[in-house]
Amino acid sequence: MDFIPKAEWQWVFDHQQGKLSVAGLDWAIPIVYESNMLRLRESQTLSFTVEDVTRYIELFESEPLSHFEESLRCKIILHLLAIDIFHKPIMPKSWLFEASEKPKMQFDNGELGILITTGDHESAKYMVLEQQDNFCLCMLFDESHLFPNGKTFKQFQIIKVTVDKLTPCLQVQPQEWVSFQNAG
């Protein structure tokens with residue numbers, strides 16, 4: 001698979017199955033967000049716009065994502081674009097996580113942090129997508145994260161938490177990443 005967008009790349013939403021994906025001529029990449037979290041109401045196919053392609057290429061060539069293999073980088077970026085284009089706003093769910101023992105009050109976009117669930121103390125790595133004031137929008141970076149209520153987050157799902165819940169990862173990530181969201 002060539003990881004640079006082509007004219008045939010499309011967003012495909014199947015309302016009956018409640019699934020969004022990105023499809024090329026002979027492949028499809030599923031997007032993990034549930035249909036109730038998306039602003040799509042009916043089955044439809046939408047071509048990638050010039051803005052989608054431009055933003056994809058900016059992120060694909062960005063320093064913070066450059067150390068990931070191309071297939072993972074592609075999946076991260078497609079989920080970031082899906083958030084920006086289709087995802088409904090979300091409310092913080094900080095009560096699901098313990099306060100960090102080593103809080104850091106400012107995270108950079110693209111930085112990895114750890115969230116630990118209350119109760120079972122299950123930890124997982126999340127990528128900070130954006131920090132606004134005391135809140136961070138985070139994307140699950142690990143393959144899954146199990147919660148005490150039995151719910152499991154899949155890789156790339158997002159959650160908003162207060163910054164005091166995030167523990168910085170020890171590994172250093174490049175921090176020159178502009179917000180994933182379009183200005184405007």
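Tutor: A salt bridge is a side-chain nitrogen of Lys or Arg lying within 4 Å of a carboxyl oxygen of Asp or Glu. The structure above is a predicted model, and this definition can be applied to it directly.

Student: How many salt bridges does a search of the whole structure find?

Tutor: Side chains of opposite charge can pair when their charged atoms come close. In this model the search finds two salt bridges. One joins the side chains of E111 and K104, with an N to O distance of 2.5 Å. The other joins the side chains of R55 and E58, also given as 2.5 Å from N to O.

Student: Is E111 buried or exposed?

Tutor: The cut-off for a buried residue is a relative accessible area under 20%. E111 has a relative accessibility of 9%, so it counts as buried. K104 has a relative accessible area of 27% and is therefore partly exposed.

Student: In which helix do R55 and E58 lie?

Tutor: An α-helix has 3.6 residues a turn, so residues three or four places apart point the same way. Both R55 and E58 belong to helix α1, residues 50-60, and they are three residues apart, about one turn of the helix.

Student: What is the strand order in the open sheet of five strands?

Tutor: That sheet has the order β10-β7-β6-β5-β11, with antiparallel pairing. Its edges are β10 (158-162) and β11, each pairing on one side only. Strand β5 (residues 112-116) is joined to β6 (residues 123-132) by five bridges and to β11 (residues 167-168) by two. G113 illustrates both pairings: its bridge partner in β6 is Y126, and its bridge partner in β11 is P168. The hairpin of β5 and β6 has six residues between the strands, and in it G119 takes a positive phi near 85°.

Student: How far apart are the end C-alpha atoms of α2?

Tutor: They are 23 Å apart; at 1.5 Å a residue, the 17 residues should span 24 Å, so the two values agree. The helix is mostly covered, with 12 of its 17 residues buried. Among the buried residues are R73, I77, L78, H79 and D84.

Student: Which residues have the most contacts inside the largest nonpolar core?

Tutor: In soluble globular proteins, nonpolar side chains tend to be buried together. The largest nonpolar core of this model has 38 residues, and W11, L20, Y33, Y56 and L78 have the most contacts inside it. At least two residues each come from β1, β2, β3, α1, α2, β6 and β7 (135-140). Helix α2 gives the most, with nine residues. Another core of 16 residues lies apart from this one, and includes L140, F153, V163 and L166.

Student: With which residues is Y33 in contact, leaving aside its neighbours within four places in sequence?

Tutor: Its contacts include H79, A82 and I83, which are also among the buried residues of α2.

Terms used:
Residues are numbered from 1 along each chain as its sequence is written. This is a predicted model: local features need pLDDT of at least 70, side-chain atom pairs count only at pLDDT 80 or more; totals for chains, interfaces and linings use all residues. Side-chain values use heavy atoms; hydrogens and water are left out. Helices (H or I, at least four residues) and strands (E, at least two) are DSSP runs, numbered from the N terminus. The expected span of a helix is 1.5 Å times one less than its number of residues. Buried means under 20% relative accessible area, exposed over 50%, partly exposed in between (1.4 Å probe, protein chains only). Two strands pair if DSSP finds at least two bridges between them. A nonpolar core is a set of buried Ala, Val, Leu, Ile, Met, Phe, Trp, Tyr and Cys residues joined through side-chain atoms within 4.5 Å. Contact means heavy atoms within 4.5 Å.
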